[in-house]
Amino acid sequence: MRYPLRTRILHWLSAVLVFSTLLIGFAMVNSIGSYATLIAIHMTLGLTILVIAVARVANRFTHRTPPLPDTVGRLEHRMMIGSEVSMYALLLAQPIIGWAMVSAAGSPVVVFGALRLPGIAPFDADAYSLLRQLHSVLAYALVVVIAAHVSAVILHTVTLRDGMASRMTIGRAATRTKE
């Protein structure tokens, strides 16, 4: 059984945006010439991820998930819940921390090229430094949680062959064959 189409679309849209934002975030710290452009794109993607994450959380609390395959035990199910909560927490916290960081730097938060967001933290060099470090730590934590998520899906799909990945695919549902 698959997730509803809106859930699958939000999932893959989040995946593409988060991967792009992480890639740009890691690249921009080493890119002097393109820094302004990259930061503008990074902030726009971050705000977009925040909006989608809020929509995903609302969707998650208002719609049931399809049943898990029989290969998922009780402990693994609890780990999946913890992983899901961690992922949502990071997807919500990371853009807010970034927004607060830019605000604490005294810089304007401009997204979509022209939309100026209000500052959410007072100008403060110490707060900026702390928020910048936290933003970096959360980025690495997000990479770890994503790696665990993808690894678990690969384990189930390739090794256990239980159709776990097909629950979230876009397109026609694949028929599962028992061997």
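Modeller: Let's begin with His 135, which lies in helix H4; please keep in mind throughout that this is a predicted model.

Biologist: Is His 135 buried or exposed?

Modeller: His 135 counts as buried, because its relative accessibility is 14% and the cut-off for buried is under 20%.

Biologist: And what does His 135 touch?

Modeller: Once residues up to four places away in sequence are set aside, His 135 is in contact with His 42, Gln 94, Ile 97, Gly 98 and Met 101.

Biologist: Which other residues of H4 are buried?

Modeller: Besides His 135, the buried residues of H4 are Leu 131, Leu 138, Ala 139, Leu 142, Val 145 and His 156, and the buried residues of this helix pack against H1, H2 and H3.

Biologist: What about the span of H4, how does it compare with what you'd expect?

Modeller: The end C-alpha atoms of H4 are 51 Å apart, which agrees with the 52 Å that its 36 residues should span at 1.5 Å a residue.

Biologist: Switching to the core: which residues touch the most other members of the largest one?

Modeller: The largest nonpolar core has 32 residues, and those in touch with the most other members are Val 18, Met 43, Leu 91, Val 109, Leu 117, Leu 131 and Leu 142. At least two residues of this core come from each of helix H1 (5-28), helix H2 (35-62), helix H3 (74-104), strand E1 (109-111) and helix H4 (125-160).

Biologist: Take Leu 91, then; what is in contact with that one?

Modeller: Leaving out neighbours within four places in sequence, Leu 91 is in contact with Val 18, Ile 49, Leu 50, Ala 53, Arg 56 and Leu 142.

Biologist: Stepping back, in what order do the elements run?

Modeller: The chain has four helices and two strands, which follow one another from the N terminus as α-α-α-β-β-α. Of the contacts between residues at least 6 apart in sequence, 71% join residues at least 24 apart.

Biologist: And the overall dimensions and surface?

Modeller: Taken along the principal axes, the C-alpha atoms fill a box of roughly 60 × 35 × 30 Å. The accessible surface comes to about 11,300 Å², with 69% of it belonging to carbon and sulfur atoms, while buried residues make up 32% of the 179 residues in the chain.

Note on methods
Residues numbered from 1 in each chain as written. Predicted model: local features only at pLDDT ≥ 70, side-chain atom pairs only at ≥ 80, totals over all residues. Heavy atoms only, no water. Core = buried A, V, L, I, M, F, W, Y, C linked by side-chain atoms within 4.5 Å. Buried < 20%, exposed > 50% of the residue type's maximum accessible area, 1.4 Å probe, protein only. Contact = heavy atoms within 4.5 Å. Areas by Shrake-Rupley, 256 points an atom, 1.4 Å probe, with all protein chains shown as cover. Expected span 1.5 Å × (residues − 1).
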